[in-house]
Structures are given as C-alpha cells and as structure tokens.
Amino acid sequence: MDKLRQFAVIGGGLMGAGIAQVLAAAGRSVTVFEPDAAARANVNDRIAANLRLIGRDESAAVLVQVTDDLESAVATAQFVTEAAPEKLELKRAIFSDLVRMAPRDAILASNTSVIPISRIADGMETAERIVGTHWWNPPYLIPLVEVIQAKHTSDEVIGVTMDLMRALGKEPAHVRKDVPGFVANRMQHALWREAIAMVAEGICDARTVDTCVKNSFGLRLPVLGPLENADLVGLDLTLDIHRTIIPELDSHAGPNPYLEDQVNAGRLGFKTGEGFRTWTDSQIAELRASLVGHLVKIQRDLKN
Ligand SMILES: NC(=O)c1ccc[n+]([C@@H]2O[C@H](COP(=O)([O-])OP(=O)(O)OC[C@H]3O[C@@H](n4cnc5c(N)ncnc54)[C@H](O)[C@@H]3O)[C@@H](O)[C@H]2O)c1
C-alpha cells in the first residue's frame, strides 16, 4: 500500500490536468503549478468535465489546487510530476528548481514523451530520485504508464513509483534502459515510419494504410501483443517471414523526406485541414468523438 498523499504537477495543460485528475479521483491532494493565466483559470473545469465524461464524481476536482507559485506548489509534495512542454532545456531548468524546492525525499518524475530521463537529470544533485513516468493521452482513459529507470534512478524509487501507479489503477511498465521513446513510442513510431514510407513509395494511399491496420492486426492487439502473436504462429514461421520482409522495410535514418515535404508545404493534418488526407471540421469532430467513445467503452468493459 503506498503512503503517498501529497502531489504536485508541474504544467496544467492537456497531460498535467489529466494526471492531476487521476490523482484526485484516487483521493490524493494535488497542487498544479501552471504559469499561463488562461490555462490556470480552467484547470478545475477541464478536470470536472472529464470526470463527468467517464461517469466519475466530478466533486473530486476540488482536491486539485492551482497556483502560479512553484515553490509553494512543491513545498509539501511527496511526489512531483513534470508535464511542461517537450523541450529539454526547459525541463532541465524545472528539475533544477524542483531539486532545490521540493522536500529532499520527494520523488521527481518527468512525463516526457521521448527524451531520455538521464538527459534531463544530468549533473543534478539527488538524481537517484529522478524517474520517468510516461503517461498516455488521455491519462484517465489509457491504462499504461511507463516507469523509466535511468542509470541514476534508485531501485527503491522505481518500486515506490510502480506501487503508486498500481494503487492509482494504472498498468505500470518498468523500462530498464533509458532509451529515447522508451518502449511503446518506439513501437508506435516504427509502425508510423513504415506507414509513411508505403504512402511515399506509392504502394497504397493513406486511407488504405489505416484501413489495413484497423481491420487486421489492429483488432487483435488488445488481446494479442506482437510477441505473443509471434509465439502463437511459431518462431520458425516468423523467421521465414522476416527473411523475406525485413530487408524490404523502410530504413531511413531520419524522418522520411515525404513527411518533411508535407510539413514544409503547411500540410499539418487536423490543424490545417490537410495532412496525409484532407479533413473537414465535421470529419475531425466525428473522429475525435469516436475515439473518446471507444476509449470510454473499453474503460467501462474493463470495470465490468
Ligand atoms: N499530448 C500528449 O499526447 C502527450 C502524451 C504523453 C506525454 N506528453 C508529454 O507531456 C508533456 C506535456 O505535454 P502536453 O500535451 O500536456 O502539453 P500542453 O502544451 O498541453 O501543456 C503544457 C503546459 O505547460 C505549461 N508550461 C509552460 N512553461 C512552463 C514552465 N516553465 N513550467 C511549468 N509549466 C509550463 C504550459 O502553459 C501548458 O499549460 C510534454 O513533455 C509531452 O511531450 C504528451
């Protein structure tokens, strides 16, 4: 049973508010530090709306305090989660403040998507308490939290963090090597790399890529991970398949030039109405609603 009750979250944007929501829904007190006045003003409303969305008691939102004063936000915290923008120097500046301002035994976690934790903690005092906790969006609907152990992170901090995540109802995964992208984003982006390459090479269009994934192995993924699947079909068959296919897969060292061309031409996806496909406002709203509906349904099914 974890003894952690006092939490701070640094950054009250999409992820910070969502993480604060999970903590508050589990009865923990949370102080959110958010420097932007507009974002600060609606943290509690966003949390209450999302609690309503998933059928939870929205009164839990009152457990979340919001402040523009970092020092007071972390003064009594036992566990601090940084969810500020994905910029290394900004995160390093925040952690250098946290090391100074938070109680010496508080655990300091970063929600970075892909930056190795050791790059954030490099040269900092008490680095043994700095850990990665990579939550997924939306934190209140996606179970996984990757718990990343950098070289300096103590086993004890990993144990406490894993226990905390379980107590919050999450599915923690201990990542033993602090590599860029950790585990799940590395696999996700290996898939995206091949998807983009197939469109760039004219093998099929973007809609076809998504149709193929959603109507084949995508349907199995919730119950059959890739390595369970390999065991299921047999490693001998897997080896025969890999002999033919692996040399053919995209192996660009950097981002695909097709992706760079799209971005340079201002085709950014939903933001501009055109990316790999063109999108109307109503198609965007429909897809977003369909995603949330799907995730809420899974959450309900898991509870029943
Ligand atoms: N969006 C996602 O799907 C997702 C998923 C997993 C992890 N992450 C990671 O979580 C972190 C936050 O992402 P987000 O999507 O919530 O971004 P966001 O832009 O929604 O929120 C970031 C918040 O940090 C605030 N901020 C700016 N400067 C700050 C500072 N110096 N100190 C504290 N807060 C500051 C901003 O005002 C903003 O409210 C990033 O590291 C991101 O890579 C994002």
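The largest share of the shell around the ligand, 3 residues, is contributed by H1, where helices (H or I, at least four residues) and strands (E, at least two) are DSSP runs numbered from the N terminus. The model is a predicted one, in which local features need pLDDT of at least 70 and side-chain atom pairs count only at pLDDT 80 or more, whereas totals for chains, interfaces and linings use all residues. Residue numbers start from 1 along each chain as its sequence is written.

The shell around the ligand holds 24 residues, of which Gly11, Gly13, Met15, Ser113 and Asn137 come nearest; a residue is near a molecule or strand if its C-beta atom, placed from the backbone, lies within 6 Å of it. At least two residues of this shell are supplied by each of H1 and helix H5 (88-101). By class, the shell comprises 13 nonpolar, 8 polar and 3 charged residues, with Ala, Val, Leu, Ile, Met, Phe, Trp, Tyr, Cys and Pro counted as nonpolar, Asp, Glu, Lys and Arg as charged, and the others, Gly among them, as polar. Asn137, one of the residues that come nearest to the ligand, is joined to Pro138 by a cis peptide bond with omega near -5°, and Pro138 itself is placed in the loop between E6 and strand E7 (144-148).

Ala20, not counting residues up to four places away in sequence, touches Val9, Val30, Val32, Ile47 and Val64, two residues being in contact if their C-beta atoms, placed from the backbone, lie within 7 Å. The end C-alpha atoms of H1 are 17 Å apart, which agrees with the 16 Å that its 12 residues should span at 1.5 Å a residue, the expected span being 1.5 Å times one less than the number of residues. H1 is followed by Gly27, whose phi is positive, near 85°.

Helix H14 (residues 281-303) has 23 residues that should span 33 Å, and its end C-alpha atoms are 33 Å apart, in agreement. Of the 23 residues of H14, the number buried is 0, so this helix lies largely in the open. The chain is divided into domain 1 (6-175), domain 2 (183-264) and domain 3 (266-304), with bounds that come from an automatic or database domain assignment. The C-alpha centres of domain 1 and domain 3 are 26 Å apart.

Thr126, with a phi of about 50°, is found in the loop between helix H6 (117-121) and E6, and counts as partly exposed because it has 16 C-beta neighbours inside 10 Å. Phe182, with a phi of about 55°, is found in the loop between strand E8 (171-175) and helix H8 (184-200), and its 23 C-beta neighbours inside 10 Å place it among buried residues.

Terms used. A residue is buried if 20 or more other C-beta atoms lie within 10 Å of its own, exposed if 12 or fewer, and partly exposed in between; C-beta atoms are placed from the backbone.
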